Each structure stands twice: as C-alpha cells, then as structure tokens.
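Me: I am new to this structure and would like to know what lies behind the words used for it. Please answer each question with the value and the rule.

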Amino acid sequence: EADIYQTPRYLVIGTGKKITLECSQTMGHDKMYWYQQDPGMELHLIHYSYGVNSTEKGDLSSESTVSRIRTEHFPLTLESARPSHTSQYLCASSPRRLAGGVGTDTQYFGPGTRLTVL
Amino acid sequence: AQKVTQAQTEISVVEKEDVTLDCVYETRDTTYYLFWYKQPPSGELVFLIRRNSFDEQNEISGRYSWNFQKSTSSFNFTITASQVVDSAVYFCALSRGGGSEKLVFGKGTKLTVNP
C-alpha cells in the first residue's frame, strides 16, 4: 500500500487566485496521476506522469498545470482559479512494472483536496 | 473505446442484508484489468481488488466477494451481512494491458447501510 499525501485537504479561495495543490508519495513510485471528481461523483483523469520531467494531459481538458521535478512530488497549479474549478482533486501513484513483467499496476490514492472557488 | 457502466446510482439497505453492486465493462482488448475502489465519506479512494482478464476465478475476502464473468463482461461485487461502515461510494474501473495504466472509472454506486 502506498503512502500518498495531499495538502491542503480543504481550500476555499476567491476567484482569480493562484493555487497549488500538493501531492507527494514516499514509496518511490514512478507513475503519478491527478483526477478531478465532480459533485456527481464521476472521476476524470486530468494529468499524469510516468517519471521525472514527464507530464501528460489526461482525458479531461483542464486549465491546471503540473510539474514533476522530483519522483516523490507532483504538484498541480491553477494560475487563476474560477468557480468552475470547484471540485475534489485526487492524486494517485503506482509503481513501475518490473522489467519483463506483465500486468497493470494498481493506483493508490491520496485523501484528496476539496477545492471551493467563490 | 473502453467503458464502465455502474447502472445502480444509489442503493440503500438495512444492516445485515446482502447487497450486490453491478459493474459492466466494454473493451476490445484481450488483456485488461478490472478494479474496485471504495470511497468513504472522508473522500479518499481505497483500493479493494484487482483482477486481470485471464483470471475468472471468483474471489472472497471476508464479507466481500467478487464475481468476474467474461461472457457477460461483468465484474460484480457482493457485500455479505452489510454493516454501517460499508456505507460509501464504490467505483468499478478498467484499464488496458500492455503498458497503459490509465483507469476508466464507472460513475460509482452510493451504498447506504442503515442500522
């Protein structure tokens, strides 16, 4: 099981503010992900990274950006928050598949950040 | 394209009842992986089980059991003798094999277990 941390857990801010949601994991996992979960519960992948200096956009278009400078850290930034960004943001990580191995690695999730933009 | 359907949006049961959460998936891959996650009111997603497409054996873990049937593209989850602590949103998810670990989630089923 992964130890994965997200801060803050709850954030209420005004429109136009720049915010960074932190995500870190202590398991040395190569792969990390950001999901956005709308009030209707559906989860959407917005960013992912397969390692340091690797970032990709997910299936749902997002105005946020991410960086992966260190293996354990995968922050998400919103340059100018808007009410439409109000959502829960979940970070996940999974280990690298062993060389020659098969299978998909399980994603382990952090506790989430509940963001409200007024 | 991959798709996961959880037709039951909400289920409400009384404690000690058995309850089955349905999951139907669509994929053209021959190798794929199925998952169940639990999301309690606190918000985190808790991993419950992973199944690969070549393993159709049912699995039991305490009060939890999973029934994987490729013939009907289903991966159903049963909780026996439900408890109030089982109240949560449960997500079924699918990923393709061969190197892509992107998960496609169903919309979730909210289970409420009443005392």
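Reply: Start with touching: two residues are in contact when they have heavy atoms within 4.5 Å. The model is predicted, so local features need pLDDT of at least 70 and side-chain atom pairs count only at pLDDT 80 or more, while totals for chains, interfaces and linings use all residues. Residues are numbered from 1 along each chain as its sequence is written, chains are lettered from A and ligands numbered from 1 in the order in which they are written, and side-chain values use heavy atoms, with hydrogens and water left out.

Me: Which residues does A:Pro95 touch, not counting those up to four places away in sequence?
Reply: By that rule A:Pro95 touches A:His29, A:Asp30, A:Lys31, A:Asp105 and A:Thr106.

Me: Why is A:Pro95 called partly exposed?
Reply: The relative accessible area (1.4 Å probe, protein chains only) decides: under 20% is buried, over 50% is exposed, and in between is partly exposed. A:Pro95 has 26%, so it counts as partly exposed.

Me: What makes A:Thr106 buried?
Reply: Its relative accessible area is 5%, therefore A:Thr106 is buried. A:Thr106 is in the loop between strands β9 (87–94) and β10 (108–109) of chain A; a strand is a DSSP run of E, at least two residues, numbered from the N terminus. A:Pro95 is in the loop between β9 and β10 of chain A as well. The residues that A:Thr106 touches include A:Ser93, B:Phe35, B:Tyr37 and B:Phe47.

Me: How do you know that the side chains of A:Thr106 and B:Arg50 form a polar contact?
Reply: A polar contact is a pair of N or O atoms within 3.5 Å; within protein, one must be able to donate a hydrogen and the other to accept it, and residues adjacent in sequence count only if both atoms are side-chain atoms. The side chains of A:Thr106 and B:Arg50 are joined at 3.4 Å.

Me: Why is A:Gln36 called buried?
Reply: A:Gln36 has a relative accessible area of 15%, so it is buried. A:Gln36 is found in strand β4 (31–37) of chain A and touches, among others, A:Leu43, A:Ile46, A:Leu60 and A:Tyr89.

Me: Is B:Lys16 buried or exposed, and why?
Reply: B:Lys16 is exposed, because its relative accessible area is 70%. B:Lys16 is in the loop between β2 and β3 of chain B and has a positive phi of about 85° although it is not a glycine.

Me: What makes B:Ala81 partly exposed?
Reply: The relative accessible area of B:Ala81 is 31%, so it is partly exposed. B:Ala81 is found in the loop between β9 and β10 of chain B, and although not a glycine, B:Ala81 has a positive phi of about 50°.

Me: Which residues of the largest nonpolar core touch the most other members?
Reply: A nonpolar core is a set of buried Ala, Val, Leu, Ile, Met, Phe, Trp, Tyr and Cys residues joined through side-chain atoms within 4.5 Å. Of the 23 residues in the largest one, B:Trp36, B:Phe75, B:Phe77, B:Tyr90 and B:Leu111 touch the most other members. β10(B) gives the most to this core, with 4 residues.
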